[in-house]
4 protein chains.
Amino acid sequence: MSERLQDALLSIEGEAREAEDWGRVATYIPELARVPLKQFGIAVATAEGELFSAGEADTGFSIQSVSKVFALALALGRAGDQLWTRVGREPSGSAFNSIVQLEYERGIPRNPFINAGAIVTTDEILAGRQPKVALAELLGFVRAAVGDDSIFINDAVAASERAHGHRNFALANFLYACGNLKNPPDLTLGTYFHQCAIEMSVKQLALAGRFLVAAPGMPRLVSRARMRRICAIMMTCGHYDASGDFAFHVGLPGKSGVGGGILAIVPGQASVAVWSPGLNANGNSKLGTEAMERLARAMDWTVF
Amino acid sequence: MSERLQDALLSIEGEAREAEDWGRVATYIPELARVPLKQFGIAVATAEGELFSAGEADTGFSIQSVSKVFALALALGRAGDQLWTRVGREPSGSAFNSIVQLEYERGIPRNPFINAGAIVTTDEILAGRQPKVALAELLGFVRAAVGDDSIFINDAVAASERAHGHRNFALANFLYACGNLKNPPDLTLGTYFHQCAIEMSVKQLALAGRFLVAAPGMPRLVSRARMRRICAIMMTCGHYDASGDFAFHVGLPGKSGVGGGILAIVPGQASVAVWSPGLNANGNSKLGTEAMERLARAMDWTVF
Amino acid sequence: MSERLQDALLSIEGEAREAEDWGRVATYIPELARVPLKQFGIAVATAEGELFSAGEADTGFSIQSVSKVFALALALGRAGDQLWTRVGREPSGSAFNSIVQLEYERGIPRNPFINAGAIVTTDEILAGRQPKVALAELLGFVRAAVGDDSIFINDAVAASERAHGHRNFALANFLYACGNLKNPPDLTLGTYFHQCAIEMSVKQLALAGRFLVAAPGMPRLVSRARMRRICAIMMTCGHYDASGDFAFHVGLPGKSGVGGGILAIVPGQASVAVWSPGLNANGNSKLGTEAMERLARAMDWTVF
Amino acid sequence: MSERLQDALLSIEGEAREAEDWGRVATYIPELARVPLKQFGIAVATAEGELFSAGEADTGFSIQSVSKVFALALALGRAGDQLWTRVGREPSGSAFNSIVQLEYERGIPRNPFINAGAIVTTDEILAGRQPKVALAELLGFVRAAVGDDSIFINDAVAASERAHGHRNFALANFLYACGNLKNPPDLTLGTYFHQCAIEMSVKQLALAGRFLVAAPGMPRLVSRARMRRICAIMMTCGHYDASGDFAFHVGLPGKSGVGGGILAIVPGQASVAVWSPGLNANGNSKLGTEAMERLARAMDWTVF
C-alpha cells in the first residue's frame with residue numbers, strides 16, 4: 001500500500017497547488033487572518049505504523065475546532081456517560097455558532113462539536129479546577145496521542161480569540177443562565193479559547209488521530225467502544241451544517257477546524273490530516289475537503 | 001459465522017420477547033393502529049448469500065419510510081445528481097414531518113429521508129407519468145432487489161394514509177407553492193402514499209437491502225459509488241432526529257419506518273432487517289432499535 | 001371640519017398622483033396582476049354622517065385581507081369568546097403566510113389577521129354549512145355595514161385564488177392535522193377564497209368601516225366592547241409584520257389587503273378607506289400607507 | 001370626574017385585596033424575591049393636575065422594565081430617528097429575553113421594549129461616556145418628569161441584577177458580535193442594570209408618565225409627535241408577548257416591569273400607575289393587569 005499511498009498524496013498535493021480558488025482564510029481574529037493563503041499539507045498515519053505526507057507537512061497551524069475531538073475524549077474519560085445529560089448527540093441543522101437551537105432546547109447543545117457543545121465539554125473538563133490545570137491535562141492527552149511533548153498552545157491566538165469572542169461569550173452566558181455551566185463563564189471560556197489555540201502540523205495531527213483507528217499497535221487512550229462512538233459523532237456532526245455532505249462525498253468520520261485543518265479516520269486502517277487555511281462557504285477548508293475526497297477515492301477508503 | 005449469527009438472532013429474539021415495554025404502535029391511521037403490538041422478527045442476508053432469521057420473520061408489515069431508500073435509489077437512477085438541486089443531504093435537526101425547515105430554506109427539504117424530501121423524490125420518479133406507471137417501476141425495483149415478484153402494495157393502507165395525511169398535504173402544497181413540485185400535489189401524494197404502503201416481511205426486507213452491501217454476488221442495481229452515498233445518507237439522516245443516536249449506539253447506516261421496520265447495512269457483509277410495531281418516543285421501533293444495537297455488538301458489526 | 005377634510009383629501013390625492021414610485025401590484029394571481037398600477041382613491045365616512053372622497057373613489061377593487069375584519073366580527077357574533085380558544089390575539093412577528101409559527105404553537109394561529117388565523121375564523125363561520133350559505137351571511141353583514149346591497153364577490157378572482165393558493169392549502173391542511181379545523185380543508189378554503197374576493201370601492205369600504213367608529217348614528221352591528229376589541233387587534237396585528245410601523249407612523253387601527261386597500265378607524269370620528277394597487281416591500285399599499293400617514297397628520301387624527 | 005375616579009380606585013383596591021391568587025413575585029434575583037407578595041397600590045395623575053391614589057401608593061418598588069419608556073424617550077432625544085437603524089418598532093412574537101429573534105434578524109432587536117432592544121437604547125444613551133454620567137442624565141430626566149428630586153437608583157438591586165444577569169450578558173455579547181453595540185458589553189450592561197433599578201412609588205410613576213399625556217399643563221419633555229410615537233410602541237410592544245392581550249383587554253398604551261409595576265397612558269386625560277409584585281404567567285403584574293382593565297372599564301378609558 002505504501003507506494004500507492006505516497007503516490008496518491010503527491011498527486012493530490014500537485015492538484016491542490018494548481019487550484020485557481022484557494023478559498024478564504026478566516027478573518028474573525030487577526031492571528032488567523034494573517035496566515036498566508038496558499039499553503040497545503042497532508043499526512044497519513046497508517047495502522048502499520050508508517051507516516052506518509054506531502055506538502056507543508058511540518059508547518060504548525062491552529063487546530064481550532066479539531067481540538068473538540070480530544071476534549072470530547074477527555075471529558076468522556078472524566079464524566080463517562082453523564083456527559084450526555086448536558087449535551088446531545090444529534091446533528092444541529094444550523095451554523096456552528098448558532099444560539100437559536102440553544103434557546104429552543106433550553107440550554108442543552110445538540111452535540112459536542114458545535115461551539116455551545118464544546119464549551120460544555122470544556123466546562124466538564126475544567127470541573128472547578130484552575131484553567132491551567134485543566135489545560136495541562138488536555139495537552140498531556142494530545143501529547144500522548146501524538147507521542148510528541150513539543151505540542152503547545154499559542155497564547156497569542158488564545159488572547160485574540162478572547163478579545164473577539166463575543167459570540168462565544170453570548171453562548172457561555174446563555175448556557176450559564178440555563179444552568180448548564182458549572183464554572184463561571186469567564187473561566188470556562190478562558191480554557192476553551194486556549195484549547196482551540198493548540199498548534200500542530202498535519203504530521204502531528206495525523207499521529208494524534210491514531211487513537212481513533214481501531215487497530216493493533218495504535219495508542220490506546222480510550223476503550224474500543226468509546227472510540228467507535230466518537231467516530232460516530234464525527235461522522236454525523238463533524239462538519240457543522242455540512243456534515244451530511246462530508247459523509248456523502250468522503251464517507252469517513254472527520255472533524256474540521258476554522259484554521260483550515262481536517263482530521264479524518266479510516267477505521268482499522270489510518271488517520272488522515274490535511275491542512276489548507278482557505279475556507280469554503282461552510283467554514284471548512286476548501287482544498288482540504290477536496291483532498292479528503294480525492295484521497296478516499298484513490299485509496300478506496302470509505303466506511304460504507 | 002453462520003452459527004454465531006443464528007445464535008445471536010435467537011438470543012436477541014428471546015430478549016425481545018421478555019421486554020416489559022414494547023413501545024406503542026403508530027396510531028395516526030387505523031390500519032397501523034390495529035397491528036398487534038407484541039410481534040418481533042429479525043432477518044439477516046449475508047454477503048455469502050445466506051439468509052438467517054428469528055421470530056415472525058415471514059409476517060408482512062407496512063415498510064412505510066423504509067421505502068424512501070428504494071425511492072431515492074430509483075430517483076437517482078432517473079435524475080442523477082440533478083436531484084440534489086431539489087433536495088439537500090444534511091440532517092434536519094427537526095421532526096420527520098416538520099414544515100418549519102421548509103419555510104426557512106425556501107422549499108428545499110434538507111434530505112430525502114424526511115417526509116418533505118421523500119415527497120420530492122417521489123415527484124422526481126413520477127415525472128409527469130401516471131401514478132400507476134411510476135409505482136409499477138418502483139415495485140419492479142423492489143422486487144428485483146428482493147428477487148421476489150410477490151411483493152405488493154397494500155391499497156387499504158394507502159387509502160388510509162390519504163384520508164389522514166393532512167400534514168403531508170400541507171408539505172406537498174408548500175413545496176408546490178415554492179416551485180419544488182413538478183406534478184400536481186394530489187398526484188405526487190397519491191404516489192407517495194402507495195409507495196409507503198409496500199408490504200414486506202423482514203426476510204424480504206433483508207434481501208431487498210442487499211443492493212447496498214458492497215460485496216460480490218449481491219444484486220447490482222446501482223453503481224458502487226451511489227451505493228456508498230446512499231449509505232452515507234442513511235447514516236446521517238436515516239432516523240429523523242434520532243439519527244445521531246442510531247449512529248452512536250449501532251454504528252451502521254439504517255433507515256426506519258413508522259410501521260416498526262428498520263433496515264441496516266453492514267458494508268461488505270450483510271443486510272439486516274428487524275421489525276416490531278411498537279415505537280419509541282422518536283417514532284422508531286423500540287425493540288427493533290434495541291435489537292440492532294445488540295446484534296451489532298454481538299457480531300462486532302460497525303463501520304467505525 | 002368638512003372643508004378642511006375635503007382639502008386634505010384633494011391635496012393627498014394630488015401628491016399621490018405625482019409619486020415616482022407607485023410600488024408593485026401583487027402578482028401571485030393573474031386577476032390582481034393585471035390591475036393597472038397608477039390608480040388612487042380615498043374616502044372618509046364621518047361620524048356626522050358625511051362621505052368625502054378624492055381620486056378613483058368609485059372604482060371597485062378586491063378587498064382581499066380587509067375582509068378579515070368583517071369575518072372576525074361575524075365569527076365573534078357566532079362563537080363569542082370561544083373563538084379565542086382557536087386563535088390568539090398577539091402580533092405574529094412573521095410574514096402573513098408563515099407556517100413556522102403554526103408548527104411552534106401547535107396549530108393555534110397567533111391572531112385572526114394572518115392567513116392561518118383568518119382561515120380558522122372562516123372555518124368558524126362555515127360551521128358545517130354549505131359555503132354559499134356562509135358566504136351569503138358574510139355578504140349580508142358587509143352589505144348591512146355599507147348600506148348597499150350591490151356589494152358582490154368576484155368569482156373569477158376567487159377561482160384564481162384557488163388555482164394559485166397552494167400555500168393556503170398548506171396552512172389549512174396543517175390546521176386540520178392539528179385538529180384546529182372543523183370543516184374539510186377544501187370547503188373552508190373555498191369559502192375563504194370567496195370571502196377575500198369581495199369587491200368594493202373606497203367609498204363603500206369607508207362606509208363599511210363605520211360599524212367600528214364608536215359614535216352615535218353609526219350602524220350598530222357589534223357591541224361597543226367588541227368594537228373596541230376588534231380595533232385593538234387591528235392596531236396590533238392589522239398590517240402583518242409592519243403593524244408596529246403603521247401604529248408608529250399613522251397611530252390608528254387599520255387593516256390592509258394585498259389588493260391595495262386599507263381601512264382605518266378614527267375612534268369616535270371617522271372611517272377611512274384608501275386604495276392604490278401598488279404594494280411596498282411589506283405587502284401593504286405603498287401610496288395608501290403614505291396617504292394614511294398624511295391624512296392622520298393633516299387632521300390631527302391619532303388615538304394617542 | 002374626581003369623585004368617580006376616586007371611587008373607582010378604592011373599589012378596585014378593595015377587589016384586589018380580596019384576590020385569592022396574587023400571582024408570584026419574580027425570583028430571578030433575591031432582591032425581588034423577598035418583596036412581600038400581598039401589596040397593591042394604584043395612582044392616577046390627571047390632565048387637570050390632580051393626583052388620586054389608593055392602597056400602598058407611597059411604597060417604593062423597582063420599576064425594572066418600565067424604565068425602558070424613559071430610556072427610549074431620552075435616547076430619541078439624543079439620537080433622533082437614527083435610533084431606528086439599530087432597533088425596530090415591531091412586536092416580537094417571543095419572550096422578553098429571547099435571543100432567537102436576534103440571530104434571525106442579525107443583531108437588530110425588534111423593538112426597544114424587549115431586553116435586547118433596551119440594551120441598545122441604553123448603549124445609545126451611554127455613547128462613550130462614563131456610566132455614572134449617563135445614569136445621572138437618565139435620573140435627571142425621570143426626576144424632571146416626576147417633579148421630584150428624591151427619585152433614586154437602588155444599588156443593591158443593580159448589583160444583584162449583574163450577579164444574576166447571564167442571559168442579559170448573552171444578549172449584550174451577541175449584539176456586540178453583530179456590531180450593534182458601541183460600548184463594551186460590560187459598561188452598557190452596568191448602565192442597563194442600574195437603569196432597571198430605579199425605584200418609585202405608584203404616585204411618582206403616575207406623575208412620571210404625564211409627559212406622555214397629550215394635554216396642556218403636562219410636563220413637556222418630548223415633542224407632541226414623539227409622545228404619540230412612544231405611546232404607539234407601548235401599545236404594540238409594551239407587554240412583551242402579551243401586548244396584544246393588553247391592547248385587547250385594556251385598550252391603552254402601557255408598559256410593564258418585572259417588579260410588578262405597570263404604567264398606562266390615557267391620551268389627553270391621565271397617566272395611570274399600578275403596582276402589585278405578584279406576576280402572571282406572562283411576567284406581568286397579575287393584579288396590576290386586572291386593575292388596569294377594571295379602571296379602563298369603570299372610567300370608560302380606551303383609545304378605541
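The model is predicted.

**Strand 1 of chain D**

Strand 1 of chain D spans residues 41-46. Of its 6 residues, 6 are buried, so the strand is largely enclosed by the rest of the structure. Buried here means that 20 or more other C-beta atoms lie within 10 Å of a residue's own. Both faces of the strand are covered. One side carries D:Gly41, D:Ala43 and D:Ala45. The other carries D:Ile42, D:Val44 and D:Thr46.

Strand 1 of chain D pairs with strand 2 and with strand 8 of chain D. The table sets out these pairings.

| Partner in chain D | Residues | Bridges to strand 1 | Direction |
|---|---|---|---|
| Strand 2 | 51-55 | 5 bridges | antiparallel |
| Strand 8 | 270-275 | 6 bridges | antiparallel |

D:Gly41 has a residue opposite it in each partner. In strand 2 of chain D, D:Gly41 faces D:Gly55. In strand 8 of chain D, D:Gly41 faces D:Trp275.

Strands 1 and 2 of chain D form a hairpin, with 4 residues between the strands. In this hairpin, D:Gly49 takes a positive phi near 95 degrees.

**Where chain C touches chain B**

Chain C gives 13 residues to this contact, and chain B gives 13 residues. On the chain C side, the elements that give two or more residues are helix 4 (100-104) and helix 8 (166-177). Helix 8 of chain C gives the most, with 8 residues. By class, the chain C side has 8 nonpolar, 3 polar and 2 charged residues.

Methods. Residues numbered from 1 in each chain as written. Chains lettered and ligands numbered in written order. Predicted model: local features only at pLDDT ≥ 70, side-chain atom pairs only at ≥ 80, totals over all residues. Contact = placed C-beta atoms within 7 Å. Nonpolar A, V, L, I, M, F, W, Y, C, P; charged D, E, K, R; others polar. Buried ≥ 20, exposed ≤ 12 C-beta atoms within 10 Å, placed from the backbone. Pairing = 2+ DSSP bridges.
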